[in-house]
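Keep the structure open while you read.

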Amino acid sequence: MSSSLDALLQQKLSELQSKNLLKTPRSSFGLVDFGSNDYFSLRKRPEILEAAAKALEHGSGGVASRLAGGESPLYAKLESAVACAKKRESACVFGSGYLANIGVIQALTGKGDLVLADRLSHACLIDGAKLSGAKLLRFTHNSVKNLAALLEKHREKHRHCLVITETVFSMDGDKAPVAELAALARRHDAWLLADDAHGLFMDEGSGADILTGTLSKSLASYGGYVAGSKALADYLKTAARSLVFSTALPPASLAAAAKALEIIAALPEIRLKPLENAGFFASLLGLPAPESAILPIILKDEKKTLLASKTLAENGFFVPAIRPPTVPPHTSRLRISFQSGNKREDLERLAELCYSLIS
Ligand SMILES: *Cc1c(COP(=O)(O)O)cnc(C)c1O
């Protein structure tokens, strides 16, 4: 048997453990949720559960790639709903947000091209750039100036150029200057991709050529998408390897996401609530109002952050401890996320607990 493999892995696991960087799957079951990405509190909404249950009539699984018989009529309905919600001509749905990002970047860029990514871009954006074979450079977080300098210096030596950012950064909750980045990219004949996984359907990615996102967060389902022109969506269906060579989504996931989009369209006020709740919580702690539904409390030290998360769990609250490499070294943090359905008394109690943790 492969004893050298297990010996190596045991050693790696012990090393991670000793640095407080070992990660294990965690459940928020039974706790008040201030950690998931179900921003509109939709995951147990009866209309969505009913739509998903009804879709089970089509079967439990996706059974084949979309191009090889796995295409369900639910895709067309969902893709036009995504395009409409994101104010784009068209959309292409993938198996997950991760697959959407690696798929679109690899389909649009390759050897001889340049990818310029915000330094805090999500791991799957970086993985997509690496997979593509293009030259990857990172620009200073949210710095239009640094991006301009990199474009000046490197753009001309490359055929195509893709600039990558997130509309709302997943671990910091701040927003990118998307309109400015888009204008700058256009001046250099570069394309802008903005990952809108944490957007709240308030036109966060306006101006980007390519908008990507997930069905798994605020839409409380599973899957991902790319939204943009019709040519883009059509091309991805034939050229994105993570779509071509991966099985279609289960019908229930497609139906649940489509129903979630319907609810958001019918109840626009649901989109304001996470921000209101985040603002109320921040005011209780004397912090500035967050730009999104995400508020990090940076404790820097891994052990301290793990302990803080554990203390909150003991008091009934789920708030994850986020550690490197998800965030840069020495910036470990509690990542608090807010939802439409947060209860006022929970916000007050959590603020009290956080106050004692940070002071
Ligand atoms: C979660 C996330 C993804 C991946 O989406 P999944 O559907 O969970 O695979 C991509 N980008 C960002 C910014 C994310 O936060």
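Helices and strands here are DSSP runs, numbered from the N terminus; a helix has at least four residues and a strand at least two. The model is predicted.

Q: Which peptide bond is cis, and in which loop does P325 lie?
A: Most peptide bonds are trans. A cis bond joins P324 and P325, with omega at about 5 degrees. P325 lies in the loop between β11 (321–322) and β12 (332–337).

Q: How many helices and strands does the chain have?
A: Both kinds of element occur in this chain. The count is 13 helices and 12 strands.

Q: Why does the chain count as compact as a globular protein of its length?
A: The globule rule gives 21 Å for 359 residues. The chain comes close to that value, so it is as compact as a globular protein of that length. Its radius of gyration is 21 Å.

Q: What share of the residues counts as buried?
A: Buried means under 20% relative accessible area. The chain has 359 residues. The buried share of them is 53%.

Q: Is strand β8 mostly covered or mostly open, and how many of its residues are buried?
A: Strand β8 spans residues 224–228. G224, V226 and G228 point one way, while Y225 and A227 point the other way, and all are buried.

Q: Which residue is the bridge partner of S90 in β8?
A: Strand β2 (residues 90–94) pairs with β8 in the antiparallel sense, over 5 bridges. In β8, the partner of S90 is G228.

Q: Which residue stands opposite G224 of β8?
A: Strand β7 (residues 210–214) and β8 run antiparallel. 4 bridges join them. Opposite G224 stands T214.

Q: Is F201 buried or exposed, and what is its relative accessible area?
A: F201 sits in the loop between β6 (191–195) and β7. Its phi is near 60 degrees, a positive value in a residue other than glycine. Most residues other than glycine have a negative phi. F201 is buried because its relative accessible area is under 20%, at 10%.

Q: Why does L5 count as partly exposed?
A: L5 lies in helix α1 (residues 3–18). With L8 and L9, L5 forms a nonpolar patch on the surface. Partly exposed covers the range between buried, under 20%, and exposed, over 50%. L5 falls in that range because its relative accessibility is 41%.

Note on methods:
Residues numbered from 1 in each chain as written. Predicted model: local features only at pLDDT ≥ 70, side-chain atom pairs only at ≥ 80, totals over all residues. Heavy atoms only, no water. Patch = residues over 30% accessible without salt bridge, like charges linked within 9 Å, V, L, I, M, F, W, Y side chains within 5 Å. Areas by Shrake-Rupley, 256 points an atom, 1.4 Å probe, with all protein chains shown as cover. Salt bridge = Lys/Arg side-chain N within 4 Å of Asp/Glu carboxyl O. Buried < 20%, exposed > 50% of the residue type's maximum accessible area, 1.4 Å probe, protein only. Pairing = 2+ DSSP bridges. Rg over C-alpha atoms; globule rule 2.2 N^0.38 Å.
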